[in-house]
Amino acid sequence: MAGGRKVELAEALALGPGWRHACHALLYAPDPGLLFGRIPLRYAVLMQMRFDGRLGFPGGFVDAQDHSLEDGLNRELREELGEAASAFCVERADYRSSHAGARPRVVAHFYAKRLTLEQLEAVEAGAPRAKDHGLEVLGLVRVPLYTLRDGVGGLPAFLENSFIGAAREQLLEALQDLGLLESGSVSSLKTSSAPH
């Protein structure tokens, strides 16, 4: 989906039957922990290692039997993350953006859902028993929301990984818009590390 154009949700939903819809969610929770007893973690943000070796967000294609985008997303979350994903429901209020790509004709819808740390840890613990674990999903990772003293370790190094479609841009926008990083730190990250 890299190079896809950003579209409003109403426009995306009106594209017609030749288009497929995929929904993905950034799951996050406040985290009071300290790395090495001194570096504040602030939030736990989940991403996953996909079957193709790239990082992305949990989710997938909406099927004909799904009544809404959110129904399809919640079904995909249960398949990829396991039963702990049944403890919460991603709703239209969690919607953030849509990107449409001409080839293939897919609209990617992006959501962000705030969980409790206990809910997020339950997802992490149960994910290895999920239907798609070891197949579509190779594992979950937490996004490091800090930069180490060397200026490279932490989030800057994480952003050097390979991301699927618009996932890197969606991550950075969500971190900024949701206030998950200290102000000003996202704009310096956008310029200091180019997407792969």
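These questions and answers go through some labels used for this predicted model and the values behind them.

Reader: What makes Phe57 and Phe110 an aromatic pair, and why is the pair called tilted?

Author: Their ring centres are 5.0 Å apart, and rings pair if their centres lie within 6.5 Å. The planes stand at 50°. Under 30 degrees would count as stacked and over 60 as edge-to-face, so this pair falls among the rest, the tilted ones. By this rule the model has four aromatic pairs.

Reader: Which parts of the chain does the pair of Phe57 and Phe110 tie together?

Author: Phe57 lies in the loop between β4 and β5, and Phe110 in strand β7, so the pair ties together parts that are 53 residues apart in sequence.

Reader: How do you know whether Phe57 and Phe110 are buried or exposed?

Author: The cut-off for buried is under 20% relative accessible area. Phe57 has 4%, so it is buried. Phe110 has 2%, so it is buried as well.

Reader: Why is the pair of Phe158 and Phe163 given the name edge-to-face?

Author: The two ring centres are 5.8 Å apart and the planes meet at 75°, so the pair is edge-to-face; the label needs an angle over 60 degrees. Phe158 and Phe163 are both buried.

Reader: What sits over the ring of Phe61?

Author: The charged end of Arg20 does, at 3.8 Å from the ring centre. The distance limit for this label is 6 Å.

Reader: How do you know that Cys23 is in no disulfide?

Author: The nearest cysteine sulfur to that of Cys23 belongs to Cys89 and is 12 Å away. A disulfide needs the sulfur atoms within 2.5 Å, so 12 Å is too far for a bond. By this rule the count of disulfides is zero.

Reader: What lines the largest pocket?

Author: The pocket holds about 620 Å³ of space. It is lined by 27 residues, and those closest to its centre are Ala22, His24, Arg50, Phe61 and Ile164. Elements giving two or more residues to the lining include β2, β3 and α5. The largest share, three residues, comes from β5. By kind, the lining divides into 13 nonpolar, nine polar and five charged residues.

Reader: What makes the phi of Phe36 worth a remark?

Author: Most residues other than glycine have a negative phi. Phe36 has a positive value, near 55°, and is not a glycine. Phe36 is found in the loop between β2 and β3. Its relative accessible area is 65%, so it is exposed, the cut-off being over 50%.

Reader: Where does Arg42 lie, and what is its phi?

Author: Arg42 lies in strand β3. Its phi is positive, about 70°, although Arg42 is not a glycine. At 30% relative accessibility, Arg42 counts as partly exposed.

Reader: Why is Ala12 called buried?

Author: Ala12 has 0% relative accessibility, so it counts as buried, the cut-off being under 20%. Ala12 is found in helix α1.

Conventions. Residues are numbered from 1 along each chain as its sequence is written. This is a predicted model: local features need pLDDT of at least 70, side-chain atom pairs count only at pLDDT 80 or more; totals for chains, interfaces and linings use all residues. Side-chain values use heavy atoms; hydrogens and water are left out. Rings of Phe, Tyr and Trp (its six-membered ring) pair if their centres lie within 6.5 Å; planes under 30 degrees apart count as stacked, over 60 as edge-to-face and the rest as tilted. Helices (H or I, at least four residues) and strands (E, at least two) are DSSP runs, numbered from the N terminus. Buried means under 20% relative accessible area, exposed over 50%, partly exposed in between (1.4 Å probe, protein chains only). A charge sits over a ring if NZ of Lys or CZ of Arg is within 6 Å of the ring centre and within 35 degrees of the ring normal. On a 1 Å grid over the protein atoms alone, a cavity is a set of points where a 1.4 Å probe fits but cannot get out, and a pocket is an open set with protein on both sides within 12 Å along at least five of seven lines; lining residues have an atom within 4 Å of a point. Grid points are joined across faces, edges and corners, and a volume is the space filled by probe spheres set on the points. Ala, Val, Leu, Ile, Met, Phe, Trp, Tyr, Cys and Pro count as nonpolar, Asp, Glu, Lys and Arg as charged, and the others, Gly among them, as polar.
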